[in-house]
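User: Hello! I would like a close look at one part of this protein, the charged side-chain pairs and what surrounds them.

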Amino acid sequence: MISSTANSKVKRLVALTQKAKARREAQCFVVEGTRMFCEAPADWIQEIYVSESFLHRCENEANAEIRCILNSHSYEVLTDTVFQKVSDTQTPQGVLCVLSMPQYELTEWIENWTADRKKTSLFVLLEDLQDPGNLGTILRAGEGAGVDGVIMTKKTADIFNPKTIRATMGSIYRVPFFIVDTLIGTVELLKRKGVAVYAAHLDDSVTYDIPDYTQPTAFLIGNEGNGLRRETAACATQYIKIPMAGQVESLNAAMAAAILMYEAARQKRKVFI
């Protein structure tokens, strides 16, 4: 049992939790909580840590799934005080694990599309979003809407930030995501592959429920404060907008993305299901 915060493993966990640079260098990230632990792909798991009280509860409660995972992997036990030190939450559940970062390559992935996958494809492209909660929520909503992938710029919030991870509610494990320098080249690649790219934009735009999203579709979502860069928006196939009533000028980026993704999902469902 690890009982000192000076332990090298504890220091590493704190760095992985708090610092994006440490995560990038180690090519791994931390997830917390029973749900994230139970849903983690087995081949991603590098290390498992549990608190002393969590282990005691597992031994005394009928949670077969957690006990099965613990029995099939080695794990370290931390005192409750030390676990609180490495946790990113105020009231930790008592289990966390270090996972390998998944690796996705956009061009290769698109080249391997089947005809059916291409026909129903749906992407969301994010330019420099700053809020980790927005990013995580978009992944979660994207999974629900059936997106094929989320593409984001390097200046977007770190997808492996603990706040982002929690907001995904496990979708980080199931939604492919791709990180690019800029979106302009990606938009041109998608357009060459027959994907119509729609930019959430106020200028010369049509209401979001007018275009036909039954074709391969991608949505461009810009930075929370500044929107899309002019040169990025100019690459879009068409501008679209979500009409606002009252005195509201715009929606939260995650909510806007969800509305667009679910409209596309609704149209595709009517045609392909």
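User: Is arginine 12 buried, partly exposed or exposed, and what is its relative accessible area? Please take me from there through its partner and the other salt bridges.

Analyst: Happy to walk through this with you; please keep in mind that the model is predicted. Arginine 12 is partly exposed, as its relative accessible area is 31%, and the limits for that class are 20% and 50%. Its salt-bridge partner is glutamate 47, with 2.8 Å between the closest N and O atoms. Arginine 12 sits in helix H1 while glutamate 47 belongs to strand E2 (residues 45-51), so this pair links distant parts of the chain, 35 residues apart. Glutamate 47 also counts as partly exposed, at 23% relative accessibility.

Helix H1 takes part in another such contact. Lysine 9 and glutamate 76 meet through their side chains in a salt bridge, at 2.4 Å from N to O. Because lysine 9 lies in helix H1 (residues 8-18) and glutamate 76 in strand E3 (residues 76-78), the pair ties together parts that are 67 residues apart in sequence. Both ends are partly exposed: lysine 9 has a relative accessible area of 36%, and glutamate 76 is at 24%.

Now to a pair with a buried member. Arginine 23 and aspartate 158 form a salt bridge between their side chains, at 2.6 Å from N to O. Arginine 23 is in helix H2 (residues 20-26), and aspartate 158 is in the loop between strand E6 (149-153) and helix H10 (162-168), so the bridge ties together parts 135 residues apart in sequence. The two ends fall into separate accessibility classes: arginine 23 is buried, with a relative accessible area of 3%, whereas aspartate 158 is partly exposed at 25%.

Beyond these pairs, there is also a network of salt bridges that links Arg35, Glu39, Glu143 and Arg174. Searching the whole structure gives 11 salt bridges.

The structure holds 0 disulfides. Take cysteine 28, which is in no disulfide: the nearest cysteine sulfur belongs to cysteine 97 and is 11 Å away.

Methods: Residues are numbered from 1 along each chain as its sequence is written. This is a predicted model: local features need pLDDT of at least 70, side-chain atom pairs count only at pLDDT 80 or more; totals for chains, interfaces and linings use all residues. Side-chain values use heavy atoms; hydrogens and water are left out. A salt bridge is a side-chain nitrogen of Lys or Arg within 4 Å of a carboxyl oxygen of Asp or Glu. Helices (H or I, at least four residues) and strands (E, at least two) are DSSP runs, numbered from the N terminus. Buried means under 20% relative accessible area, exposed over 50%, partly exposed in between (1.4 Å probe, protein chains only). A disulfide is a pair of cysteine sulfur atoms within 2.5 Å.
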